[in-house]
There are 2 protein chains.
Amino acid sequence: MPVVTVLGDGQLARMMQTEAIELGQSIRLLAGAPDSSAAQVAADVVIGDYTDLEDLRRAVAGADAVTFDHEHVPTEHLRTLIGEGVNVQPGPDALVNAQDKLVMRKKLRELGAPVPPFAALESVADAEEFWDAVDGAVCLKTRRGGYDGKGVWFPSSKEELRDLVADLLGRGMPLMAEKKVALTRELSAMVARTPSGRTAPWPVVESVQRNGVCAEAVSPAPGLSGELGSRARDLSVRIAEELGVTGVLAVELFEFTDANGQPDIAVNELAMRPHNTGHWTQDGCVTSQFEQHLRAVLDYPLGSTEPTAPVTVMANVLGADSDPELPMARRTVDVWTRFPEAKIHLYGKTHRPGRKIGHVNLSGSDEPRTRREAQLAAHYLVHAVWADGFVAE
Amino acid sequence: MPVVTVLGDGQLARMMQTEAIELGQSIRLLAGAPDSSAAQVAADVVIGDYTDLEDLRRAVAGADAVTFDHEHVPTEHLRTLIGEGVNVQPGPDALVNAQDKLVMRKKLRELGAPVPPFAALESVADAEEFWDAVDGAVCLKTRRGGYDGKGVWFPSSKEELRDLVADLLGRGMPLMAEKKVALTRELSAMVARTPSGRTAPWPVVESVQRNGVCAEAVSPAPGLSGELGSRARDLSVRIAEELGVTGVLAVELFEFTDANGQPDIAVNELAMRPHNTGHWTQDGCVTSQFEQHLRAVLDYPLGSTEPTAPVTVMANVLGADSDPELPMARRTVDVWTRFPEAKIHLYGKTHRPGRKIGHVNLSGSDEPRTRREAQLAAHYLVHAVWADGFVAE
């Protein structure tokens, strides 16, 4: 059976290991530390640095395919490995669109895909010009390395923008700006694609962000019109095809109201790997995104993306300011006592404020109720308190 | 988060690791070899012999609970470990009923649970007497260590019985005999129970054996009357309670027609661990038997045992006389190409005739069709040939 090397050691790699076990595969990790989320649960672990070519070479030796749990492996190293015959999926030409926000937007605009107005910022003058062009509705972004709300700023005055840009450019950070979208909500359209060109999109989900971090995903997106859902799904497939993405692609979308009062979409970000907004597939779909990612990078046929329940809600377990005294194991007990159907997924990570340490999936037929219960469960796992005042008997 | 030690290294331990990962737990294995099915996919592996007390002590040190993927750990060692404060689930007093077929039958008869007529065989004379008592309908069984049709004989004459019993007793094998049941089919009633006494039964499934080995399980058992289904489920719960079972219990049942022409059930065997007839729960039930087993032995609340599809069929992938040239990875590709909704589970085991090397789960709404497709998929994974003559385009 094939060996897949995953470059990275976080929860995404950990959840790929879950699926690799059932598929009879061996997964090999390039991990930064033996106690990292994924390395805790895998037998074949290479400890090393994903920016070090020699470490990468050790991790990929003999692998049938090499893939990622993050976007931060240097492009030049990937090109070197490919030159040495390594099967890297997705390849660097696709991946650069998930690594560099400006490259991605230029590419999508070229394809005619909907993106908000944007500009490269090479100077303070560029920033001032963009401020005027969009009437101050500016979202400033670092081109590379941002995630979970980090590397994104919303300056409230031209002066603030000017100071920020001067400071960040002075520190050598490549920048871009985008027109702030008056969004009604965020959506996520996910799809898997194989090197042979097979594609399988999942239902479009609603994604709820808090403080720039994904807090919930609801599948299918409530109240989404069939027309807009198809458009979002088709867009994700087209982007996967045009960019040559392999494995799982997440297209994060803004939903907004257009000039005619109609709902419309624009692309926010791309991720080329399993994505937080796809965790619901573990318990609400025939094929989870982690299984599908492994199948896709190996150029296997893709699995069915049919949901197994009318609605599935994923709520993230995000570390709070402090970790309650009640141990996590006791908190899971309390959640299961109240909600026996809750599917709790924990990443083996220690508590840190805002850190993603797990998620809860809940399936049902009543969207508001399922959503409320998933929120309550996730909140309890963080705070050891029921947000609705519930007291166990 | 808690550490659970699993004594054993087969596919049941492997599939527990899948669930332990998602629950954020650490699983520790006592494995016979580093390349065994479960040890391939776990980080925390103690290599040792489960009949050696010192090896057992190394494997259980610091564990929150200790459980099994087979029944063969010596009872006296378990008692010693418990005396040293180790939390063994299920405990030896329950487990002996899954280890010794005579002890189990005596216990069940005492409880008034339905078991076929049986007798201990201490001598050839005992065997002859039993032959006469049941008019030659004799099933001869070794009391301990039998599995998958091994350790079971159906002698066709009194002389054959006599020779067999003389030979086996001469080799020191403890024996019993049971009246051969004119069964209509086999069923399996599974339940999980916690040390605190919570129980959660699954739907009763039909189990199909070939050459003494489980070949298929169909959930729910087709055409099973609500009354008989309830009786089987209640029986499994009662056995779990009366025997003090913790973790997952499988009650293998014979269905037969009674003197009044009505369907009835009798207990065939017990297993106190996840069981082949429960593999369908991985893809057809809110809570899989592997997750439930871990939750049960830790005395956590049990998960919902609601099915997620109208019917789910599990078909075993059993090694044939020879392994086809087409690599297993290609066979999985062919199965998924034909049946994108097939859930393939492989155990990382090499081919050997009759060996359980994986299984396929398929969910659907049409029982005969789902069953046929699961059979076709499992057959293809073994033979690299479609049993219905299908030729891929």
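Colleague: Where in chain A does A:Pro220 lie?
Modeller: Helices (H or I, at least four residues) and strands (E, at least two) are DSSP runs numbered from the N terminus. The peptide bond leading from A:Ser219 to A:Pro220 is cis, with omega near -5 degrees. As for its place in the chain, A:Pro220 is in the loop between strand 12 (213-219) and helix 8 of chain A.

Colleague: What pLDDT do local features need in this predicted model?
Modeller: Residues are numbered from 1 along each chain as its sequence is written, chains are lettered from A and ligands numbered from 1 in the order in which they are written, and side-chain values use heavy atoms, with hydrogens and water left out. The model is predicted, so that totals for chains, interfaces and linings use all residues, side-chain atom pairs count only at pLDDT 80 or more, and local features need pLDDT of at least 70.

Colleague: What is the angle between helix 1 and helix 10 of chain A?
Modeller: Two packed helices are described by the angle between their axes and the distance between the axes. The axes are lines fitted to C-alpha atoms, for helices over the stretch in contact, and angles run from 0 to 180 degrees between N-to-C directions. For helix 1 (residues 11-22) and helix 10 (residues 289-297) of chain A, the axes are 8 Å apart and the angle is about 80 degrees.

Colleague: How are these two helices of chain A oriented to each other?
Modeller: Angles under 35 degrees count as roughly parallel, over 145 as roughly antiparallel, 65 to 115 as roughly perpendicular and the rest as oblique. Helix 1 and helix 10 of chain A are therefore roughly perpendicular.

Colleague: Which residues of helix 10 of chain A make the contact with helix 1?
Modeller: Contact means heavy atoms within 4.5 Å. The contact residues divide into six nonpolar (Ala, Val, Leu, Ile, Met, Phe, Trp, Tyr, Cys and Pro), two charged (Asp, Glu, Lys and Arg) and one polar (the others, Gly among them). Helix 1 of chain A gives A:Leu12, A:Met15, A:Met16, A:Glu19 and A:Ala20, while helix 10 of chain A gives A:Phe290, A:Glu291, A:His293 and A:Leu294.

Colleague: How much area is buried between chain B and chain A?
Modeller: In this interface, 40 residues of chain B are in contact with 41 residues of chain A. Buried area is the accessible area (1.4 Å probe) that two parts lose on being put together, summed over both. Carbon and sulfur atoms give 59% of the total, which is about 3100 Å².

Colleague: Which residue of chain A meets B:Lys343 in a salt bridge?
Modeller: Side chains of opposite charge can pair when their charged atoms come close. A salt bridge is a side-chain nitrogen of Lys or Arg within 4 Å of a carboxyl oxygen of Asp or Glu, and the count between chain B and chain A is two. With 2.8 Å from N to O, the side chain of B:Lys343 meets that of A:Glu291.

Colleague: How many residues apart are A:Arg338 and A:Asp388?
Modeller: These two form a salt bridge, with the closest N and O atoms 2.7 Å apart. The pair links distant parts of the chain, since A:Arg338 is in helix 11 (residues 328-338) of chain A and A:Asp388 is in the segment after helix 12 (367-383) of chain A, and their separation is 50 residues.
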